[in-house]
Amino acid sequence: MTQPIFMVGARGAGKTTVGSALAKALGYKFVDTDLYLLRTSGLSVADIVDREGWAGFRRRETETLKAISSPLTVVATGGGVVLSAENRDFMRQTGTVIYLRSPASTLANRLEDAPMEDQRPTLTGKPITEEMMQVLNEREALYQQAAHHVVDGTQDPTQVVNAIMEALALPMAR
Ligand SMILES: Nc1ncnc2c1ncn2[C@@H]1O[C@H](COP(=O)(O)OP(=O)(O)OP(=O)(O)O)[C@@H](O)[C@H]1O
Ligand SMILES: O=C(O)C1=C[C@@H](O)[C@@H](O)[C@H](O)C1
Ligand SMILES: [Mg+2]
């Protein structure tokens, strides 16, 4: 299997953390749409949203997704990548899509510990637990629709990597 592996899920799901560990375990390259955008434009998500609105950010995200996806690569996506049918189709058709699934309470706890507001400006204006409940209500079906494999993301990152390897029927990481 050489096609890209796309990590999807909500903010705090571990797409960046687990995706990077998975790439290491597989000897794949690791890329991240949020970090690529930050590095290439010099603008944080909050900066882009201030200047261009969420629609501008989503346009850039779609361009980035297509530009950085290549064989033997793990791609950590942004939490909202599944909102676009174009993105969902692209990922499903060109790669293997892993949905890292955790309840809103787990996501909110992680985000409270590491808010990174520049990269995660509020989506709803609500407190974090309510925001994550609303986001999952709105997106759960889209994450499921995009995914080839749904993996429990509540375990520690090494265990999540091993669960993904098992789902992909690959030898386990040590
Ligand atoms: N499996 C895990 N167990 C415990 N903590 C985790 C796990 N995965 C991620 N974290 C922690 O949760 C926080 C968010 O993780 P990460 O940045 O990887 O999420 P993300 O899905 O990439 O979010 P975003 O959509 O905002 O980019 C980090 O502080 C990270 O250390
Ligand atoms: O869930 C979302 O909509 C987002 C998640 C982050 O990864 C960033 O892509 C951005 O903050 C938007
Ligand atoms: Mg991330």
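User: Start with Asp32: buried or exposed?
Analyst: Asp32 is buried, with 21 other C-beta atoms within 10 Å. Buried takes 20 or more other C-beta atoms within 10 Å of a residue's own, exposed 12 or fewer, and partly exposed is in between, with C-beta atoms placed from the backbone. Note that this is a predicted model: local features need pLDDT of at least 70 and side-chain atom pairs pLDDT 80 or more, while totals for chains, interfaces and linings use all residues. Residues are numbered from 1 along each chain as its sequence is written, and chains are lettered from A and ligands numbered from 1 in the order in which they are written.

User: Where does Asp32 lie, and what does it touch?
Analyst: Asp32 lies in strand β2, residues 29-32. Helices (H or I, at least four residues) and strands (E, at least two) are DSSP runs, numbered from the N terminus. Asp32 touches Thr16 and Ala76, leaving out residues up to four places away in sequence. Contact puts the two C-beta atoms, placed from the backbone, within 7 Å.

User: Which residues does the UniProt "binding site" with Asp32 cover?
Analyst: That annotation, from an unreviewed entry, covers Thr16 and Asp32. They span 17 residues in sequence, yet no two of their C-alpha atoms are more than 6.8 Å apart, so they gather at one spot. UniProt positions follow the numbering used here, feature names are shortened, and annotations may be inferred rather than shown by experiment.

User: And Thr16, where is it found?
Analyst: Thr16 is in helix α1, residues 15-26. Thr16 is partly exposed, with 18 other C-beta atoms within 10 Å.

User: What else does UniProt list as "binding site"?
Analyst: The unreviewed entry also lists Gly12, Ala13, Gly14, Lys15, Thr16, Thr17, Arg120 and Gln155. These span 144 residues in sequence, and the farthest two C-alpha atoms are 22.8 Å apart, so they do not all gather at one spot.

User: Take Gly12 and Lys15. Where are they found?
Analyst: Gly12 is in the loop between β1 and α1. It counts as buried, with 26 C-beta neighbours inside 10 Å, and touches Leu107, Arg110 and Leu111 beyond its four-place sequence neighbourhood. Lys15 is in helix α1. Lys15 counts as buried too, with 28 C-beta neighbours inside 10 Å. Its contacts beyond four places in sequence include Met7, Ala76 and Leu100.

User: Ligands now. How many residues surround ligand 1?
Analyst: 21 residues do, and the closest are Gly14, Thr16, Thr17, Arg110 and Ala114. To be near, a residue's C-beta atom, placed from the backbone, must lie within 6 Å of the molecule or strand. α1, α5 (104-113) and α7 (157-167) each give two or more residues to this shell. The largest share, 4 residues, comes from α1.

User: What are the classes around ligand 1?
Analyst: 6 nonpolar, 8 polar and 7 charged. Ala, Val, Leu, Ile, Met, Phe, Trp, Tyr, Cys and Pro count as nonpolar, Asp, Glu, Lys and Arg as charged, and the others, Gly among them, as polar.

User: Which residues are around ligand 2?
Analyst: Among them are Ala10, Arg11, Asp34, Gly78, Gly79, Gly80 and Arg120. That shell has 3 nonpolar, 4 polar and 3 charged residues.

User: Last one. Which residues of α4 are buried?
Analyst: In α4 (residues 85-94), Asn87, Arg88 and Met91 are buried. Seen down the axis, they fall within an arc of 100°, so they line one face of the helix. The arc is that of the directions from the helix axis to the C-beta atoms.

User: What do those buried residues pack against?
Analyst: They pack against β1 (5-8), α3 (45-68), β4 (96-101) and α6 (128-146). The face turned away carries the exposed residues Ala85, Glu86, Asp89 and Gln93.
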